[in-house]
Amino acid sequence: MEENFRKFTDKLFLSNKQYKDRGETAFAKFVSSNGSITGTLMLDPRRASGDDQQELPAAIRIQYNGKKVYLRIGKKYKLDEWKMLCELERLGRNKNANERKELRARILRVELMVNKLVEDGIFTLKKLQERFSGITPEERTIYSVWDKYIEDRKIDKLGTARTNVDVKRRFVKTMGSNVEFGDIDRAFILKWSKALKKYGLSATTIGISLRTFRAIVNICIEQGLIKGDTREMFKDTGYNKSNSRKHEFLDVATMRKLYDFWERKEAKDENGKEQFYSHEKEAVFRDVGLFLFMYLGDGQNLADTLRLEYDEWYFATHGKQFRFYRQKTHDRNESASEVIFPITPELQKIIDKYGNEPKLDKRVFPIMSEWITPEQEVWVIQRYNRYIREHMAKVVELLGIEQRPSSTWARHSFATNLNNSGTVPYKYISDSMGHSGNGDITSNYIGAYPLERMLQYNWYLLNDKTQDGKEALIALLKKMTDEERKQLLASL
């Protein structure tokens, strides 16, 4: 083994010929002993957003017979960091020597695996993946497949990983820890669905559980571990059923009541008695402010609000607009994930009260540092979702509002209230929420809606639809400085 390592090192890293067609983002390559398989140590591009600051997992891409797989090695890099490592490796410099040595060892290990499978006459991409993961077919179970899926998602889809952990725990609790591949068919799925209902779970929770498990079953079918078709297996099981959430919104009048309450910064009864303890009052108003920010900021979810940054777009628009990429949909559809929204006077007041000083790449709110780990981010988001739910419950009771909203109501309310205005085009609502799915090249070159149009449409979020649109624009113009009005009118 060590002799092979020495020969491989000499061949791969002492010969400049190796790098002639390598490119600046491939750390190293190899070709199998029979010349039919290639391996490249590179960044996995499948979830790349186009942002150079995004961290991507390093992986060894194996290409064979027109197909390819990515074997991730558990490390992540920004593009410029990775390019630097590739350049140092090409030049043979001493910098980052230990890290580069480890990367070389990783690709050597895979090359030896490939050549051993070739030598034994049993090479397939599937067998290589099994050998790489250290799990043989005899050792595989539905639980080990599920665990591998969870580990892979921990790299760049932590929310998905956590959901799978919860659903797997629910699966073991209801169906046990000895389920075999051969047990899983339509009758089994129906049995599990029935067991979930018996536990008193909501249709939404059952739907999430079944959709999550369906993804695992699909993997097993692709790998030949389970026979069947998930469309038939999950038919009429509750897979697509969930309780309607159309009622989960606050109308414009209620949102205006909430905003006026927040703006007053007072919570007193008819006798002038404070309704909140001094130590909780600030937190209550902060969380009402966050809820309103999500609503007025084109129906963001809390994760996107806490990650929102003062980016180049903010400064290019002179502090009049924000831009963010919806984390939830970005991996599925890049063109549908970009959201640009206007900073209305109401939003600016919330920022002035709770936000950081505008600095490039700094997060708008100081709640979640940009330096914390993804695991810590999830913890903070979950905690503040709970805070908002608890504090909103106290506020709506104080104001005599019957509904008990959570943070997700901000998004539903944004869509419902603009739609109910009878004035705002459906496409504007869809685009504002990051739902546009055109995916055409031309749309990449078309700018956002004009600022005055955004302000006019978003005015309906806090004002009655019966009022005139021109009146809305006049009201907004009055709140602007002379210079702001001049810039705005010049763009018409």
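1. Helix α2 covers residues 79–91, and Glu81 is part of this helix. The model is a predicted one. Glu81 has a relative accessible area of 34% and is partly exposed.

2. Glu81 belongs to a patch of negative charge on the surface. Patch members must have over 30% relative accessible area.

3. Asp298 is not a glycine, yet its phi is positive, near 65 degrees. Asp298 sits in the loop that links α11 (278–296) with α12 (302–307). The relative accessible area of Asp298 is 1%, so the residue is classed as buried, the limit for that class being under 20%.

4. His318 also has a positive phi, of about 55 degrees, without being a glycine. Its loop runs between α13 (312–316) and β5 (321–325). Is His318 buried or exposed? His318 is exposed, because its relative accessible area is 57% and the class begins at values over 50%.

5. On the chain as a whole, the model has 21 helices and 6 strands. The chain has 492 residues, and 45% of them count as buried. Its accessible surface comes to about 26700 Å², with 48% belonging to carbon and sulfur atoms.

6. Where do the contacts in the chain come from in terms of separation? Among contacts with a separation of 6 or more, 60% are between residues 24 or more positions apart.

Technical notes. Residues are numbered from 1 along each chain as its sequence is written. This is a predicted model: local features need pLDDT of at least 70, side-chain atom pairs count only at pLDDT 80 or more; totals for chains, interfaces and linings use all residues. Side-chain values use heavy atoms; hydrogens and water are left out. Patches are made of residues with over 30% relative accessible area and no salt bridge: like charges are joined within 9 Å, nonpolar side chains (Val, Leu, Ile, Met, Phe, Trp, Tyr) within 5 Å. Accessible areas come from the Shrake-Rupley method with a 1.4 Å probe; for residues, only the protein chains shown count as cover. A salt bridge is a side-chain nitrogen of Lys or Arg within 4 Å of a carboxyl oxygen of Asp or Glu. Lys and Arg count as positive and Asp and Glu as negative; His and the chain ends are not counted. The place of a charge is taken as NZ of Lys, CZ of Arg, CG of Asp or CD of Glu. Helices (H or I, at least four residues) and strands (E, at least two) are DSSP runs, numbered from the N terminus. Buried means under 20% relative accessible area, exposed over 50%, partly exposed in between (1.4 Å probe, protein chains only). Contact means heavy atoms within 4.5 Å.
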